[in-house]
Amino acid sequence: MRRLRRLGALLGSGGPMRLMLLTAALCALWAAQRAPLNAEESRLYHKVESAQAFLWDALEQGGISLDVGPDPYRSGFIGVEWSVTTTTLGSLEAKRCATDPLWAVRALRWFDAQGLKEGDRIVVLASSSFPGLLYSVLAAAEVRGLRVGLAVSLGSSTWGANRPEAPWPVLAGILRRGGFLGLDAKPTFYTLGGEEENGLGMPEEARVLLAEAARSDGVELFRNATLDEAVDRKMRLIGGDGSEPPAKLVVSVGGSEGNIGTDPAAMSLMSGVLAPGEGPHAGNGVIGMALRAGRPVLYLLNLRVLAEAEGIGWEERRPEFAARGSAMASVLGLALFALVMATHRRWTWERE
């Protein structure tokens, strides 16, 4: 408050100069809230935009009816409200937010913050519920030249990759044909997903359909009998299985049961980068086991909270990140405006 009073005294009692200074100060505060992308990040952003446009056109040309209502940015990554391959309810807003190309830029920054460099190996374990977010992670890994071990569960919550005619293997195949996804990003294996990651609770029609999608993609469908078997297979992928070095980072996209586990303790995990020290409280799924094995985990779930923390738009896209602390800058700007308006002489009373 003392600083604001001094500023009011400095601006004087009136005149156009103080209004010009107010304008300059508000413009400076506005600029401080912006976090522009560098050249590499801008190229990645536009690559993801182009990939989404290509995917949308390819799906339409393939006879799939798309709807700009749920997918106003024409990403091609928004599915349908319900289908035979749908596992659980999901938020349309979260699925729409997950298509924002800024997630690819943020993933690149996360990789750099972990000190990852070309040739390093990461493991990405994803459900099909957030295909837009999964693609952004893979696109960022490709830009940084990372080697990716990938496993994807094929079941999806509502509005994810849950179109029976276009599950994740179909979407990924289109992106590969368009040159937007490298062959290195092909999964090591698929699981059916859903309960226990083995399709429990899905109709037989869905299990047959998803098994055919995996076969057509030339990728093994791992038929685990129990959830523990799925967790063990994913941990072997993280450990390298002897033929690959252990992963330097594990990325968990979505809420596959094998990733989270059945221990309620995992529900208290915050989205974002988790350090190995958090392992004792991370549950009995792959996330907890990887942390206890000394592997950092990038946990991508609870997208609304994560988007707010990272400056990514929830209801609509922004061309760049909102800077951290932008709310405080807005409050300061309003306080400055109110101070100047309260002390500025805009009129005087005259006697007749």
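Aspartate 232 and arginine 236 are four residues apart in helix H9, so about one helical turn separates them. In this predicted model, their side chains meet in a salt bridge with an N to O distance of 3.2 Å. Aspartate 232 is partly exposed, its relative accessible area being 41%, and arginine 236 is likewise assigned as partly exposed, at 36%. Salt bridges with shared partners also join Glu40, Asp112 and Arg144 into one network.

In total, the structure holds 14 salt bridges. Side chains of opposite charge can pair when their charged atoms come close. One of these bridges is formed by the side chains of glutamate 220 and arginine 233, at 3.0 Å from N to O. Glutamate 220 belongs to strand E5 (residues 220-221) and arginine 233 to helix H9, so this pair ties together parts that are 13 residues apart in sequence. Glutamate 220 is partly exposed, with a relative accessible area of 37%, whereas arginine 233 is buried, with a value of 13%.

A further salt bridge links the side chains of lysine 248 and aspartate 120 (3.2 Å, N to O). Lysine 248 is located in the loop between helix H9 (227-239) and strand E6 (249-253), and aspartate 120 in the loop between helix H5 (102-113) and strand E2 (121-126); the pair therefore ties together parts that are 128 residues apart in sequence. Lysine 248 has a relative accessibility of 43% and counts as partly exposed, while aspartate 120, at 7%, counts as buried.

Aromatic rings were examined next. A pair of aromatic rings is described by the distance of the centres and the angle of the planes. Three aromatic pairs are present in the structure. For phenylalanine 54 and phenylalanine 180, the ring centres are 5.5 Å apart and the planes stand at 50°, so the pair is classed as tilted. Because phenylalanine 54 lies in helix H3 (residues 39-61) and phenylalanine 180 in the loop between helix H7 (168-177) and strand E4 (189-191), the pair ties together parts that are 126 residues apart in sequence. Phenylalanine 54 counts as partly exposed at 33% relative accessibility, and phenylalanine 180 counts as buried at 16%.

Charged groups also sit over aromatic rings. The charged end of arginine 317 sits over the ring of tyrosine 73, at 4.3 Å from the ring centre. Over the ring of phenylalanine 130 sits the charged end of lysine 95, with a distance of 5.2 Å to the centre.

Arginine 317 is also among the residues touched by serine 75; the others are Gln52, Leu55, Trp56 and Thr99, when residues up to four places away in sequence are not counted. Serine 75 is found in the loop between H3 and helix H4 (92-97), and its relative accessibility of 0% places this residue in the buried class. The side chain of serine 75 makes a polar contact with the side chain of aspartate 71 at 3.1 Å and reaches the backbone nitrogen of phenylalanine 77 at 3.0 Å.

Confidence in the prediction was considered as well. The average pLDDT of the protein is 88, and 82% of the residues score at least 70. Over residues 25-32, the pLDDT is below 50, and this stretch has seven contacts in the model beyond near neighbours in sequence. Where pLDDT is low, the predicted coordinates should not be read in detail.

Conventions. Residues numbered from 1 in each chain as written. Predicted model: local features only at pLDDT ≥ 70, side-chain atom pairs only at ≥ 80, totals over all residues. Heavy atoms only, no water. Phe/Tyr/Trp six-rings, centres within 6.5 Å; stacked < 30°, edge-to-face > 60°. Helix = DSSP H or I, 4+ residues; strand = E, 2+ residues; numbered from the N terminus. Buried < 20%, exposed > 50% of the residue type's maximum accessible area, 1.4 Å probe, protein only. Lys NZ or Arg CZ within 6 Å of the ring centre and 35° of its normal. Salt bridge = Lys/Arg side-chain N within 4 Å of Asp/Glu carboxyl O. pLDDT = per-residue confidence, 0-100. Contact = heavy atoms within 4.5 Å. Polar contact = N/O pair within 3.5 Å; in protein donor to acceptor, adjacent residues only side chain to side chain.
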